[in-house]
Amino acid sequence: MNLRKSVASTVILTLLFIGSVSAKVNQNIASPPVEVSEADCQHMQHLVDLGIVQLPTGCRDVRTSKFTREQMTVLTLQALYRLGMGTPDGRVESEYLQAGREDILYLKAAFHKELENKGMLEDHRLLTDLSPSSEASDEKKDEERKFKVSGEIRYNDVKHSGNKRWDWHDRRLRERIFLEGRVNDNWHAFGMFEGNQYFSDHENHSNTFKGERFYVRGLIGSALLTAGKYGYILGDGNIFDSTIRGATIDWGYPFRFEGTLAKTKPNGDLASLGVKRSNGNGTYGMGIHHFGENDWGDKERTIHELYYTYAFNDKILANFMYLGSDLSDPQGRKHGFVFKVQDGHVKSWRLGTDEWDLRYYYQPEGTYMAHTMNGLAGYMDGFKGWSLIYQRTILMDTVLNIEYYRLHELTTGDAGNTLWVDVTYYFE
């Protein structure tokens with residue numbers, strides 16, 4: 001609690017966050033697995049971005065959390081309650097006529113049967129059940145603080161092997177504090193502080209604690225703008241996964257466009273444009289991403305991607321991604337691909353949930369800039385091989401993650417194997 005108060009003080013002085021915190025979702029929902037569409041997720045994510053809906057601890061976004069219809073119904077109830085739309089006649093209160101109205105009307109229609117089953121349309125007083133009495137005092141404190149604080153603590157152990165160039169062992173303790181404040185109905189401010197303690201001498205890492213991200217997100221008309229210093233992912237992490245400084249704008253439906261202009265960590269230019277659409281169980285998209293030369297010696301390149309994801313049911317999905325680049329390796333390779341199969345969805349707030357992720361990669365060096373993997377991609381001049389990742393919620397809000405990579409460098413054929421294990425605890 002002292003840590004939270006200390007961080008709260010830092011937030012007030014540093015970010016001048018203001019606003020209110022949304023009511024919490026009942027996290028102990030037991031429901032049969034039923035499909036939720038991509039459109040449902042997009043509308044709900046918009047409400048999360050506006051601060052109208054608060055996701056459970058450890059859940060970073062709607063799409064990757066793979067909520068069931070029962071869980072999405074509770075999130076919809078939360079939004080209705082916050083927007084004053086839970087009255088029997090369904091009136092919208094005047095102060096909420098703009099932000100979130102289109103999204104909640106869509107979700108109210110999409111989950112009409114489930115809402116009826118919960119009695120929402122007959123007795124709006126049932127909505128008070130969304131705020132558990134055991135957490136009432138904490139929620140009141142959140143309202144008084146006018147911002148939200150959450151975090152995670154992760155310990156990881158990684159062992160690389162294969163060619164002697166990659167024979168080392170690292171361990172690290174990482175702490176992250178996430179900050180969120182509501183500026184007004186349309187805009188939120190965010191921050192993230194990160195601390196690292198290293199327990200090995202590899203690459204002469206030094207222990208640090210500093211602010212890593214500070215940004216705002218909000219509406220400009222019907223478009224969603226993110227601006228500042230924030231985390232950014234391209235191509236499911238197969239192209240880029242790092243912190244950038246700049247702006248990203250998302251707009252359009254059913255075709256969803258995303259454009260970004262920014263600087264990367266090593267001061268390289270980034271310009272990106274992508275589009276995607278969901279149709280039934282499938283999601284398809286394409287993008288083109290230009291990276292300039294940077295202070296780390298990475299060469300200029302333009303990467304293009306095409307991908308298709310198909311969800312067989314609420315647990316199993318497959319994805320194929322084609323990647324191409326204008327930058328060739330010494331043997332002229334500039335085309336690659338990644339194939340992925342996923343089974344299950346780990347949820348930190350539900351004990352015993354787990355997830356498998358199997359991927360095969362063939363990526364020349366020009367097809368990625370900052371790969372998301374914990375394997376040796378960043379140390380190789382292009383690579384091919386496979387990875388297997390397993391995650392399981394072993395304690396409430398505590399997730400075990402095990403990753404194994406077996407890769408070969410494309411230019412030399414040298415082998416590089418990685419075993420990564422981490423345990424992450426989420427809190428708020």
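Mentor: Let us begin with terms: strands (E, at least two residues) and helices (H or I, at least four) are DSSP runs, numbered from the N terminus, and two strands pair if DSSP finds at least two bridges between them. Please keep in mind that this is a predicted model, in which local features need pLDDT of at least 70 and side-chain atom pairs count only at pLDDT 80 or more, while totals for chains, interfaces and linings use all residues. Residues are numbered from 1 along each chain as its sequence is written, and side-chain values use heavy atoms, with hydrogens and water left out.

Trainee: How do you know that S3 and S4 pair?

Mentor: S3 and S4 are joined by 10 bridges in the antiparallel sense, and the rule asks for at least two, so they count as paired. Within this pairing, Ala189 stands opposite Val216 in S4. Strand S2 (residues 169-182) is also antiparallel to S3, with 11 bridges, and there Gly181 stands opposite Ala189.

Trainee: What makes S3 largely enclosed?

Mentor: Buried means under 20% relative accessible area, exposed means over 50%, and partly exposed lies in between (1.4 Å probe, protein chains only). Nine of the 12 residues of S3 are buried, so the strand is largely enclosed by the rest of the structure.

Trainee: What makes the charged end of Arg217 count as sitting over the ring of Phe190?

Mentor: The rule requires NZ of Lys or CZ of Arg within 6 Å of the ring centre and within 35 degrees of the ring normal. The charged end of Arg217 is 5.6 Å from the centre of the Phe190 ring, and that of Arg277 is 5.0 Å from the centre of the Phe255 ring.

Trainee: Why is the contact of Asp414 and Arg165 called a salt bridge?

Mentor: A salt bridge is a side-chain nitrogen of Lys or Arg within 4 Å of a carboxyl oxygen of Asp or Glu. The closest N and O atoms of Asp414 and Arg165 are 2.9 Å apart, so the pair qualifies under that limit. Asp414 lies in the loop between S15 and strand S16 (415-427) and Arg165 in the loop between strand S1 (147-162) and S2, so the pair ties together parts that are 249 residues apart in sequence. Asp414 is partly exposed at 22% relative accessible area, and Arg165 is partly exposed at 42%.

Trainee: How do you know that Glu403 has no salt bridge?

Mentor: The nearest side chain of opposite charge, Arg154, is 7.1 Å away from the buried Glu403, whereas a salt bridge must lie within 4 Å. Here Lys and Arg count as positive and Asp and Glu as negative, with His and the chain ends not counted.
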